[in-house]
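Reader: I would like a close look at one part of this model. Please take the salt bridges and go through them pair by pair.

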Amino acid sequence: MDRQELIRELNFKAVRSGGAGGQHVNKVSSKVVLFWNLADSTVFNEEEKSRLSKKLSNYISKEGLFILSAEETRSQIKNKELVIQKLIALLKVALTQQKIRKETKVPKSVIRKNQENKKKLSLKKELRKRII
């Protein structure tokens with residue numbers, strides 16, 4: 001994945017951030033919203049695109065746009081950097097393949113040990129009974 005190529009495909013929009021902040025928040029657009037069309041991307045192949053669309057479906061709109069936003073700081077530039085970092089982190093996580101679990105047999109020694117413990121426990125309980 002080439003970071004510079006990916007950044008060229010992204011579209012950004014600055015909007016007013018919500019929440020507390022006084023008068024300043026009402027006149028400055030510091031929140032950054034990232035838009036990215038995953039289907040038209042040239043950075044990933046078809047297999048990677050399908051994996052990304054499945055794993056990141058919560059971020060994809062009905063129009064097929066990947067939407068992500070950042071409003072942590074008061075600086076628009078810092079928020080833009082943060083949203084790019086978020087995107088790259090999400091992509092890395094979504095593209096990593098999980099290792100396939102290989103089933104293993106229970107060792108005979110473990111089975112034997114469990115049986116011995118059961119016998120000991122049953123003997124202990126047997127000895128607690130009253131003798132008539």
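Author: A salt bridge here is a side-chain nitrogen of Lys or Arg within 4 Å of a carboxyl oxygen of Asp or Glu. By that rule, a search of the whole structure finds four salt bridges. The model is predicted, so local features need pLDDT of at least 70, side-chain atom pairs count only at pLDDT 80 or more, and totals for chains, interfaces and linings use all residues. Residues are numbered from 1 along each chain as its sequence is written, and side-chain values use heavy atoms, with hydrogens and water left out.

Start with helix H2 (residues 46–55). Helices are DSSP runs of H or I with at least four residues, strands are runs of E with at least two, and both are numbered from the N terminus. Lys 49 pairs with Glu 46, with 3.6 Å between the closest N and O atoms. The two are three residues apart in H2, about one helical turn. Lys 49 is buried, at 10% relative accessible area. Glu 46 is exposed, at 58%. Buried means under 20%, exposed over 50%, and partly exposed in between (1.4 Å probe, protein chains only).

Arg 51 and Glu 47 also form a salt bridge, at 3.1 Å from N to O. Both lie in H2, four residues apart. Arg 51 is buried at 17%; Glu 47 is exposed at 52%.

Next comes Glu 72 with Lys 86, at 3.4 Å from N to O. Glu 72 sits in the loop between strand S3 (65–70) and helix H3 (76–95), and Lys 86 in H3, so this pair ties together parts 14 residues apart in sequence. Glu 72 is exposed at 52%. Lys 86 is partly exposed at 31%.
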